[in-house]
Amino acid sequence: MSTRTLEAPPLAQTNAAIDEPRWVRHLLMAVALSFLAIFLLLPLGQVLFSAFAEGTGAWWAAVTDPDSRAAIRMSLLTATLAVAANTLFGLCAAWAIAYFHFPGKRWLVTLIDLPFSVSPVIAGLIFILIFGARGWAGSWLSEHGIRIVFAWPGMVLATTFVTFPFVARTLIPLLQQKGSQHEEAALTLGASGWRMFWQVSLPKMRWALLYGVLLCNARAMGEFGAVSVVSGHIRGRTNTMPLQVELFYNDYRFVAAFALASLLAALALLTMGLKAFLEWRLRGELAATRGH
Amino acid sequence: MNAATHSRDSSINRVLPGFGLSMAFTLSYLSLLVLIPLAGVFAKAAGLGLSGLWHELSEPRVLAALRLSFGGALLAAAVNLVFGPIVAWVFVRYRFFGKRLWHAMVDLPFALPTAVAGIALSALYGPQGWLGQPLNALGIKVAYTPLGVFVAMVFIGLPFLVRTLEPALEHAERTLEEAAATLGANRWQTITRVILPAVTPALLSGAAMAFARAVGEYGSIIFIAGNLPGLSEIAPLLIMIRLEEYDYAGATAIAAVMLVASCAILAALNALQFRARRTGAP
C-alpha cells in the first residue's frame with residue numbers, strides 16, 4: 001500500500017499524461033495546417049493570382065467591362081432586396097420564438113432551417129414550377145404581361161429563399177439568452193410597444209443583427225445555383241456577378257472571370273474579417289449578460 | 001417545464017406586445033416563400049404517379065448522377081470526418097503562430113461564392129494547374145473526373161465538421177481526462193473512451209451537415225467536374241439540364257428524391273440535438 005502511494009506519479013507527469021507527446025503534437029499540427037493550406041489557401045491564392053495574371057490594367061478593364069458593371073448592379077439589387085426581406089422576417093421570427101411560448105415551437109425552428117439543407121438548384125426549380133412558362137401560374141402571368149422567371153423578381157425570390165434562415169438563426173439564440181426583462185422594465189416605466197422595440201430591443205440585438213445581415217448579404221451576393229436556374233442568362237440584363245463569372249469562364253476569358261471573381265473573394269474576406277470581429281464582440285456581450 | 005417556469009412564461013406572454021403580429025408575419029412569410037413552393041415539388045412528383053417517377057428515375061443517366069452526388073458526398077464526409085477533428089483539435093488544444101488567421105480561414109468555403117471556388121478549383125487541379133500538373137505527372141487526373149467532384153465536396157464540407165466540433169471539444173471537461181489518466185489510462189485510451197464519446201453527437205451532426213450540403217452542391221462542382229453524362233455529371237446539374245429542356249417532370253423527379261433525403265437528414269439532426277440536450281451532452 002505505502003509503496004504504491006510512493007510510486008504515484010508527481011504532478012508534472014500527470015499533466016504530461018493529458019497532453020500528447022511533443023512529436024504527436026507537431027505531427028497533428030502539420031497534418032491540419034497542410035490540409036487547410038491545400039484545400040483553402042491554394043484556391044484563394046489561385047483566384048488572386050489569375051485575376052492579376054495580365055497585370056492590373058487587364059484586371060481593371062475586366063471589372064469595368066459593361067457586362068461586369070451590369071452584373072455588379074444586378075447583384076447589389078438582388079442582395080439588397082433579399083437581405084431587407086429576410087431581416088424583417090428574422091426580427092419577427094426571433095421576437096415570437098424567443099419571447100413567447102406556443103405549441104410546435106421546435107418544429108417552427110426546424111422549418112426555418114429548411115432552406116439551408118435544400119440544394120440551391122432545387123431552390124430555383126420550385127419557382128420555375130410555379131412561375132415558369134409551363135408552371136402553375138405561368139399562363140396567367142403571361143396573359144397579364146408579368147415576368148417573374150428569367151427576370152429580376154425571380155432572382156430576388158430565389159436569393160431570398162437561399163438566404164432565408166441567416167438573420168433569424170442569429171437573433172433567436174441571442175434573445176433567448178438575454179431574456180425579456182429589459183423590455184418588461186421599459187413597459188412598466190410606461191414606454192409604448194414601438195418605443196420599447198426601437199429604444200430597448202433593437203439596441204440590445206444590434207451586434208447580432210449586424211452579424212446576421214453580414215452573413216445573409218455575403219451569401220446573397222455570391223449565390224449561384226439558385227439564381228442560375230431562374231435567370232435565363234440574359235447578358236447585361238439578368239446576370240449577377242457569379243453568373244457573369246461563369247459566362248466569362250465559359251467564353252475562355254479567364255482573366256476577366258478571375259478578375260470579377262476576385263471582387264467576390266474580396267467581399268468574402270471582408271465578411272470573414274468582420275465576422276471574426278463580431279464574434280469576439282458578441283462573446284463579450286453574451287458573457288456580460290451571463291454575469292448578471 | 002415545471003410549474004414555476006410555466007407561470008413565468010405565461011407572464012411573459014401577458015406583458016410583452018407583438019406576439020400576434022410577429023407570429024402572423026413569420027408564419028405567412030415561411031409558408032409563402034418556403035413551405036408552399038417546396039410542397040409544389042411533391043405535388044408535381046405525386047402527379048407523375050409511382051410508375052411515372054420510376055420511369056424518370058430508372059434512366060441510367062439519372063441513376064449515375066444520383067449515385068455520384070450521394071456517393072461522392074458520403075466519401076467527402078468520411079474524409080472530413082478524419083481531418084475535421086484533427087483540425088478542430090489543433091485549434092482548441094494547441095498554440096501556434098498565426099492561429100487566429102488560420103482559424104478565420106476555416107470559414108472560407110462558407111463565405112467564398114461557390115462559382116468562385118469552382119473556377120479556382122478547376123484552374124488549380126486542371127492539366128496546367130499548380131496541383132494538377134504534379135498530380136498528372138503521377139498519373140492522377142483530378143479535373144474533369146469524378147475525383148474532381150469529390151475534391152470540391154471535401155472543400156465545401158470542411159467547415160461544418162470543424163465548426164460543430166470546436167465547441168464540443170472546448171466544453172469537454174479536462175478533469176475527466178485527468179481522472180482517466182490517474183486511473184492508468186494511456187493517452188490513446190483517454191481519447192477513444194473519454195473524449196470521443198463526449199463529442200460523438202457533434203461529430204455526427206457535423207458530418208450529416210457536410211453530407212447534406214455536398215449532395216445538393218452545384219456551383220463549386222460543375223467547373224471542375226467536366227460534366228460527362230453518366231460519369232462526372234452530378235444530380236443538381238441534371239435537374240438544370242432537364243429544366244433547360246422544359247422537361248419539368250424529369251427535373252421534379254430528381255428533385256423529389258433529393259428533397260426527401262435532405263428532410264430525412266434534417267429530422268435526424270433534430271433528433272440528435274434533442275437527445276444531446278436531454279442527456280446533457282454539449
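How many residues does the contact take from chain B and from chain A? I looked this up first: chain B puts in 76 residues and chain A 74, where a contact means two C-beta atoms, placed from the backbone, within 7 Å. On the side of chain B that touches chain A, α2(B) gives the most, with 14 residues. By class, I get 57 nonpolar, 12 polar and 7 charged residues on that side of chain B. For the classes, Ala, Val, Leu, Ile, Met, Phe, Trp, Tyr, Cys and Pro count as nonpolar, Asp, Glu, Lys and Arg as charged, and the others, Gly among them, as polar.

Ground rules next. This is a predicted model, in which local features need pLDDT of at least 70 and side-chain atom pairs count only at pLDDT 80 or more, while totals for chains, interfaces and linings use all residues. Residues are numbered from 1 along each chain as its sequence is written, with chains lettered from A and ligands numbered from 1 in the order in which they are written.

**Helix α2(B).** I went back to this one, residues 19–57 of chain B. Helices are DSSP runs of H or I, at least four residues, and strands are runs of E, at least two, numbered from the N terminus. A straight helix of 39 residues would span 57 Å at 1.5 Å a residue, but the end C-alpha atoms of α2(B) span only 45 Å; the expected span is 1.5 Å times one less than the number of residues. I also found a kink of about 105° in α2(B), centred on B:Gly49. The bend is the angle between axes fitted to the seven residues ending at a residue and the seven starting there. Buried residues of α2(B) include B:Leu30, B:Leu33, B:Pro37 and B:Glu56. Buried means 20 or more other C-beta atoms within 10 Å of the residue's own, exposed means 12 or fewer, and partly exposed is in between, with C-beta atoms placed from the backbone.

**Rest of chain B.** I count 13 helices and 0 strands. The C-alpha atoms fill a box of roughly 60 × 60 × 35 Å along the principal axes. Of the 282 residues of chain B, 45% are buried. I checked B:Gly71 in helix α3 (residues 60–93) of chain B. B:Gly71 counts as partly exposed because it has 14 C-beta neighbours inside 10 Å. B:Leu204 is 133 residues from B:Gly71 in sequence and 17 Å away in space, C-alpha to C-alpha.

**Chain A.** Here I have 16 helices and 0 strands, and 43% of the 292 residues are buried. The box for the C-alpha atoms is roughly 95 × 60 × 35 Å along the principal axes.

Residues 1–14 of chain A fall below 50, with 4 contacts beyond near neighbours in sequence. Residues 287–292 of chain A are also below 50, with 2 such contacts.

**Helix α10(A).** The 13 residues, 166–178, should span 18 Å, and the end C-alpha atoms are 19 Å apart, which agrees. Among its buried residues are A:Phe166, A:Leu171 and A:Lys178. Just after α10(A), A:Gly179 takes a positive phi of about 75°.

How values were computed. pLDDT = per-residue confidence, 0-100.
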